[in-house]
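Dear colleague,

Here is the structure I said I would pass on. My notes on it follow below.

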Amino acid sequence: MDISVIIPLYNEEESLPELFQWIQRVMNENGFSYEVIFVDDGSTDSSWSVIQRLKAESPDTVHAIKFRRNYGKSPALYCGFAAAQGDVVITMDADLQDSPDEIPALYRMIRQEGYDLVSGYKQKRYDPLSKTLPTKLFNATARRVSGIKNLHDFNCGLKAYRREVVKHIEVYGEMHRYIPYLAKAAGFTRIGEKTVHHQARKFGKSKFMGWNRFVNGYLDLLSLWFLDSFGLKPMHVFGFIGTLMFLLGFIAVTVVGATKLYYLHTGTAHPLVTDSPYFYLALTMMILGTQLFVAGFLGELISRNAPERNNYQIETQF
Ligand code: UDP
Ligand code: MG
């Protein structure tokens with residue numbers, strides 16, 4: 001099979017028939033063998049009955065997964081990825097904002113130009129300013145932290161992957177925003193971008209409007225960065241900072257102690273040790289240092305027991 005199209009959806013009943021028809025048309029025109037995997041993320045409208053109807057009309061092409069409740073776009077993609085069988089996997093939003101006409105070019109970039117992942121880039125975006133403006137900031141940060149310098153649009157719903165990629169990354173929580181980073185962390189570094197057409201939402205409204213997505217988005221990015229850099233060796237970060245702090249504290253305590261001894265020795269009037277700023281420095285530094293060190297050990301204990309501790313990405317083997 002050439003292509004698996006994965007469509008995560010949450011209450012998109014109006015868009016689905018048109019989207020599916022459009023995909024069918026593009027696939028037939030290009031002679032691709034394909035499947036369309038709908039992942040219904042706990043819709044409360046009639047999305048599922050629409051999907052059932054599409055399945056009845058095209059039983060070989062349509063596959064679908066229905067969540068009992070709304071888990072989010074990432075879990076929906078995760079399950080779609082697990083089910084995908086095509087050589088190239090394409091993800092696409094259900095709201096008709098992404099155009100199926102991009103599929104052939106994306107397919108070629110993966111198969112012929114050797115990309116692991118190609119992300120769409122909505123250069124001209126038809127979304128409200130409240131979405132497009134924060135997105136610019138978000139992408140700039142994501143570029144820096146992830147080191148993927150050539151991507152303008154990390155969170156574009158339209159992406160294409162080599163099948164191997166989707167089978168070796170784990171999209172969870174709200175990590176769909178950072179799939180290119182997940183792929184890079186898993187060793188898939190040929191990541192490209194294609195400018196794609198974008199349209200205004202035709203039906204319904206955006207499912208990602210809350211302000212908390214900014215905070216959560218940055219926290220997720222921090223977590224990913226931490227996991228990528230120190231996930232397998234937490235002691236290296238905690239132990240290092242802990243030791244550094246403890247050393248500073250130790251130097252401070254030496255200064256305090258030595259001064260006190262000197263005063264006692266020379267018999268001059270000696271102030272209390274608590275009058276010295278170094279006393280407080282020593283106190284906090286040594287306590288914090290020890291705690292960080294212990295955090296490092298705990299991290300090591302946890303990662304030692306993590307079931308995925310020896311899941312290395314092996315590319316080939318004889
Ligand atoms: N979506 C989903 N689960 C959710 C929220 C959204 O599967 O909890 C789907 C949604 O139906 C759409 C895609 O994710 O197919 C992108 O959502 P949306 O178009 O609302 O996001 P936007 O384009 O506004 O960023
Ligand atoms: Mg949308």
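**What was found**

With 20 C-beta neighbours inside 10 Å, L96 counts as buried (20 or more other C-beta atoms within 10 Å of its own, with C-beta atoms placed from the backbone; exposed means 12 or fewer, and partly exposed is in between). L96 is in the loop between strand 4 (88-91) and helix 4 (103-111); helices (H or I, at least four residues) and strands (E, at least two) are DSSP runs, numbered from the N terminus. Its phi is near 70 degrees, a positive value in a residue other than glycine.

This is a predicted model, in which local features need pLDDT of at least 70 and side-chain atom pairs count only at pLDDT 80 or more, while totals for chains, interfaces and linings use all residues. Residues are numbered from 1 along each chain as its sequence is written, and chains are lettered from A and ligands numbered from 1 in the order in which they are written.

A positive phi also occurs at N11, near 55 degrees, again in a residue other than glycine. N11 lies in the loop between strand 1 (3-9) and helix 1 (16-30), and N11 is buried, with 21 other C-beta atoms within 10 Å.

In helix 4 the buried residues are I103, L106, Y107 and I110. They sit on the same side of helix 4, because they cover an arc of only 100 degrees around the axis (the arc of the directions from the helix axis to the C-beta atoms). An α-helix has 3.6 residues a turn, so residues three or four places apart point the same way. The buried residues of helix 4 pack against strand 1, helix 1, strand 4, strand 5 (117-121), strand 6 (159-162) and strand 7 (191-195); two residues are in contact if their C-beta atoms, placed from the backbone, lie within 7 Å.

Helix 3 (73-83) is largely enclosed by the rest of the structure, because eight of its 11 residues are buried. These are K73, S74, P75, A76, L77, Y78, G80 and F81. The partners they pack against are strand 1, strand 2 (34-40), strand 3 (62-66), strand 4 and helix 6 (163-167).

**Ligand 1**

Around ligand 1 there are 17 residues, of which P8, Y10, A94, S206 and K207 come nearest (a residue is near if its C-beta atom, placed from the backbone, lies within 6 Å). Strand 1 and helix 3 each supply at least two residues of this shell. By type, the shell divides into six nonpolar, five polar and six charged residues (Ala, Val, Leu, Ile, Met, Phe, Trp, Tyr, Cys and Pro count as nonpolar, Asp, Glu, Lys and Arg as charged, and the others, Gly among them, as polar).

**Cores and domains**

The largest nonpolar core has 61 residues, and V5, I6, I7, I90 and Y178 have the most contacts inside it (such a core is a set of buried Ala, Val, Leu, Ile, Met, Phe, Trp, Tyr and Cys residues joined through C-beta atoms within 7 Å). Apart from it lies another core, of five residues, among them M245, A252, V256 and A282.

The domain assignment gives domain 1 (3-230) and domain 2 (234-304), with bounds from an automatic or database assignment. Their centres, taken over C-alpha atoms, are separated by 50 Å.

**The segment after helix 10**

Q313 is found after helix 10 (277-305) and is exposed, with 11 other C-beta atoms within 10 Å. Not counting residues up to four places away in sequence, Q313 touches H168, A186 and G187.

Regards
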